Each structure stands twice: as structure tokens, then as C-alpha cells.
Amino acid sequence: MSQDTAKFDLLVDEGWPAPGRAGEGSWVYRHAGGVTKRANSVLPLGERADLPEAVDRAERFYAGVGLPCVFSVGMGATPGLDEELDRRGYRLVDPTLVMTAPLPTGAPDVEVAGAPSERWLRTWWSVDGGRHAATGDAPARVWAERIVTGVPAGYALLGGDASGDGGAVGRGVPQGRWLGIYCMAVQPHARRRGLGGAVLRALTAWGRRQGADSAYLVVTEANTAARALYEREGFGVAGRYHYRVRP
């Protein structure tokens, strides 16, 4: 496995950090109370001569923490893994695109905070959080907050209404020359007003000031509305990954 092949696997792992991590050879078992597949899946990089046994061990680990066994199969995934999981009946779910763009020059006059406010968290969670059910003794949103604050990042919020909720939010993670874009969410009442694009431009301008020259983001293939927005903002497909979920 070359670093270039696994580049986006590693960037996404760093940008969306699972609070629980355990190493097993060249694989990492990630867990976060069941909140998001990304943070509750095996990151399976590198060659494995013991592939069937390695999958067995992963299954035992996730059974031990009360979670389904899920693999994130990206461009740097262990050769032969996808076929092994298919033979075991693992479902292929959420085909996902990695999209990239050069960071533009310019500086929209939008504040990007160094920590998420309660309003930012409430806005993001109201759009993205309802589908997540936690396991263990911590509520789902607590696990989510641990993930989104797990590495230094910038948090943008635009719009709002009389209730105090924000209209649109996004999170940018500086990672050397790369800026990872995460948590893009627009509340239903605020859509079709250009807020998603404005948040994205605010984050990319902020990322340029942090020293990055390129941005990446991930979006499911099925999310055609978000893909169209990102394409309008100059992002193109640079890679793909998907998940395999044990039946």
C-alpha cells in the first residue's frame, strides 16, 4: 500500500476521529458508540496474509463492544478484502465519492470559529443527527460532539431565524496542504437560499488562510443535491469508497 493510494483514507480517518481506537496489525478498529458508520468501522489498510482470520478477529472485537462489524473499503483497502466480505454476505452500502478542488483566493467576510457553539451543534444535529442511535451510557449527541471536536477545526454558521437556530453550518479541518470539509448541513426551512454554497466558500477561504491549497470532502453517490452544489463550487471526483456491513 502506498501513502498516495491510501491518502484520502488517512485524511478522512484523521478528520473524523473516532474516540475509541484499537490497532490490529495494519488495521484500525474505530468505535464511537455507534454514531456514524465512519467512526464505527474498521479502517483496513495494508497487505494481510492472514485475511480470513483478520476478519474473524474484527468480528469478535465489534461483538465485544456491542456494535455490528462494518468495514470502510477505500482506495487503500487491503487487497482481496472486498471479495472476502462479499463471500461472507456483507452488504455493500453507501457508495461514497471523494471530491476535491483547489482553494480559491479571496476572503468572504464570514466568521469561522475555533469551537462549535451550542447553536452550531444544534443546527448540525437537527439535520444530521436524528438517524444516529447510540449504544452504551452516553447519548448520541455526546458521541457526535466528541467526534466533531476531536481535532482542531473551524466551524462556520450562517443564517438563522427567530428560534435562534442557524440556517447552515459546516466544519473545516486543516490537514497540511489539505482542508477537509465536513458537517455541511442546511436546515429545511433555509434551503434554496444559497447558504450551503456560502458556508462552503467561507470554509475554503478560511482554509487558505490556514495554509492549505486544496480541499476535499466526501458525499454519498445518492445525494445528488449536495453533489450538484459541490460541482458548482468547482469540486470534482478524485476517488471512491463504500462500506461493507455484516448481515
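Two strands are taken to pair if DSSP finds at least two bridges between them; helices (H or I, at least four residues) and strands (E, at least two) are DSSP runs, numbered from the N terminus. The model is predicted, and local features need pLDDT of at least 70, side-chain atom pairs count only at pLDDT 80 or more, and totals for chains, interfaces and linings use all residues. Residues are numbered from 1 along each chain as its sequence is written, and side-chain values use heavy atoms, with hydrogens and water left out.

Strand S11 takes part in two of the pairings described here, with S4 and with S5. Strand S4 (residues 70-73) is antiparallel to S11 and is joined to S11 by four bridges; within this pairing, Phe-71 is bridged to Arg-244 of S11. Strands S5 and S11 also run antiparallel, with eight bridges between them, and Leu-97 has Arg-240 of S11 as its bridge partner.

Val-218 is located in strand S10. Val-218 is buried, at a relative accessible area of 16% (buried means under 20%, exposed over 50%, partly exposed in between; 1.4 Å probe, protein chains only). Apart from neighbours within four places in sequence, Val-218 is in contact with Val-12, Arg-38, Thr-96, Leu-97, Val-98 and Tyr-241, where contact means heavy atoms within 4.5 Å. Ala-115 lies 103 residues from Val-218 along the chain, and the C-alpha atoms of the two are separated by 22 Å.

Gln-175, in strand S8, is likewise buried, with a relative accessible area of 9%. Its side chain forms a polar contact of 2.7 Å with that of Glu-14 (a pair of N or O atoms within 3.5 Å; within protein, one must be able to donate a hydrogen and the other to accept it, and residues adjacent in sequence count only if both atoms are side-chain atoms). Residues up to four places away in sequence aside, Gln-175 touches Leu-11, Glu-14, Gly-15, Gly-180 and Tyr-216.

In helix H4, the buried residues include Trp-120, Trp-124, Trp-125 and Asp-128. The cover over the buried residues of H4 includes helix H5 (140-148), strand S7 (154-158), strand S8 (168-175) and S9.

Grid points are joined across faces, edges and corners, and a volume is the space filled by probe spheres set on the points.

The largest pocket holds about 1,300 Å³. Its lining comprises 41 residues, with Asp-128, Met-184, Asn-223, Ala-226 and Tyr-230 nearest the centre. Elements that each supply at least two lining residues include strand S5 (91-102), helix H4 (118-128), helix H7 (224-232) and strand S11 (236-245), while S9 gives the largest share, six residues. By class, 21 lining residues are nonpolar (Ala, Val, Leu, Ile, Met, Phe, Trp, Tyr, Cys and Pro), 11 charged (Asp, Glu, Lys and Arg) and nine polar (the others, Gly among them).

One cavity of 30 Å³ or more is present, and the largest cavity contains about 110 Å³. Of the 13 residues lining the largest cavity, Phe-8, Asp-9, Val-12, Ser-72 and Tyr-241 are closest to its centre. Helix H1 (7-15) and S11 give two or more residues to this lining, and H1 gives the most, with four.

Technical notes: 1 Å grid on protein atoms, 1.4 Å probe; cavity = no way out; pocket = protein on both sides within 12 Å on 5 of 7 lines; lining within 4 Å.
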